Amino acid sequence: MPRPIWSGAISFGLVTIPCRVLSATENHSIAFRQFHEADGGRIRYQKVCELDGQVVHQGEIGRGYEISRDTIIEVTDAELDSMPLPTAKAIEIVAFVPAESIDPVRIGDSYYLAADGAVAAKPYVLLRQALERSSKVAVAKYAWHNRERLGLLRIKEDAIVLHSLKWPDEIRSPESLLPKPVPVADEEIEAAVDLMEAMAVEDLSGFRDHYREALEDLIRAKAEGAKPQGAQPEPAAAPVVDLMSALLESVESARQARGEDQDGAGGDAASVHDMAGHVERKAANAPAKKSAKAPGKKSAAKKTTGRKSSA
């Protein structure tokens with residue numbers, strides 16, 4: 001487990017549970033560095049004062065709120081720490097709601113809450129078992145990184161997990177994105193449901209990041225002086241007669257793919273994933289392929305930050 005990123009307590013009515021917060025996820029993405037193509041020099045970003053043009057170190061940077069173009073109200077760390085917030089050092093549970101009432105769009109980062117010390121063990125287990133028995137999740141407020149946040153507490157494998165939540169006014173409405181009403185036959189809906197059933201899996205443990213694996217192979221080949229393997233040609237998409245035909249054909253293909261692995265432990269999730277992509281391509285009814293454009297190279301020009309205008 002990584003090092004704790006915060007310590008405080010879970011406030012549950014009059015019950016206090018000392019806890020440590022640890023990240024529940026880890027990033028396996030491959031990081032790139034920018035360099036100057038002319039001489040191979042690394043590109044680095046620096047914080048520069050716009051008045052004197054000097055590079056400013058972190059210890060010399062203050063924090064303030066810009067109320068006008070030329071006026072910044074300074075706010076110090078001490079002032080932020082002394083604000084009368086009950087959530088300053090506590091994850092304060094404010095409500096319990098059914099899990100299905102939480103819109104997944106609102107859920108952000110995930111953290112494990114670990115009981116901090118022997119005194120926290122019993123109230124930690126008490127809260128965990130109460131959540132399990134009630135079949136509810138807890139909504140909590142907490143203050144991290146100089147802002148109050150909303151969170152969701154639930155149970156995962158006997159541990160309490162904290163998910164950050166967006167505030168209600170932070171969620172955009174999708175109304176403007178909805179397509180115009182179109183007629184959809186009941187048979188088409190049933191065929192789509194059949195396709196979902198044929199592509200259903202018990203869990204997602206079999207899925208892999210094929211892009212990251214291909215990127216690792218590319219970097220390894222270039223480091224060894226070998227020629228990278230070129231992109232595999234995409235299979236030609238057959239013309240789609242109509243949506244219903246595409247659905248029925250996809251259901252049959254998915255069932256055949258599932259039947260080939262009935263004796264396995266959990267099936268080949270990658271095959272199901274590939275079938276989903278195949279269905280997307282066919283349903284789009286676009287047999288003509290467009291070649292992907294290589295992303296443009298970003299300029300190495302650096303931008304300076306305004307004086308004390310950012311946190």
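Is Glu 157 buried or exposed in this structure? Glu 157 is exposed, with a relative accessible area of 71%, where buried denotes under 20% relative accessible area, exposed over 50%, and partly exposed the range in between (1.4 Å probe, protein chains only). The structure is a predicted model, in which local features need pLDDT of at least 70 and side-chain atom pairs count only at pLDDT 80 or more, whereas totals for chains, interfaces and linings use all residues. Residues are numbered from 1 along each chain as its sequence is written, and side-chain values use heavy atoms, with hydrogens and water left out.

The strands and helices described here are DSSP runs numbered from the N terminus (helices H or I of at least four residues, strands E of at least two), and two strands are taken to pair if DSSP finds at least two bridges between them. Strand β7 (residues 136-144) is largely enclosed by the rest of the structure, because seven of its nine residues are buried. Strand β5 (residues 90-98) runs antiparallel to β7 and is joined to it by six bridges, while β7 and strand β8 (residues 147-156) pair in the antiparallel sense over seven bridges. Lys 141 of β7 is the bridge partner of Glu 92, and Leu 150 in β8 is in turn the bridge partner of Lys 141. The hairpin of β7 and β8 has two residues between the strands, and His 145 takes a positive phi near 50° there.

Eight salt bridges are present in the structure, each defined as a side-chain nitrogen of Lys or Arg within 4 Å of a carboxyl oxygen of Asp or Glu. Lys 141 forms one with Glu 148, the closest N and O atoms lying 3.7 Å apart; Lys 141 is partly exposed at 26% relative accessible area, and Glu 148 is likewise partly exposed at 24%. Glu 157 meets Lys 156 in a salt bridge of 4.0 Å, N to O, with Lys 156 partly exposed at 32%.

In helix α4 (residues 210-223), Arg 220 and Asp 217 are separated by about one helical turn, because they are three residues apart, and their side chains meet in a salt bridge of 2.7 Å, N to O. Arg 220 is partly exposed at 43% relative accessibility, as is Asp 217 with a relative accessible area of 45%. A network of salt bridges also links Asp 209, Arg 212 and Glu 216.
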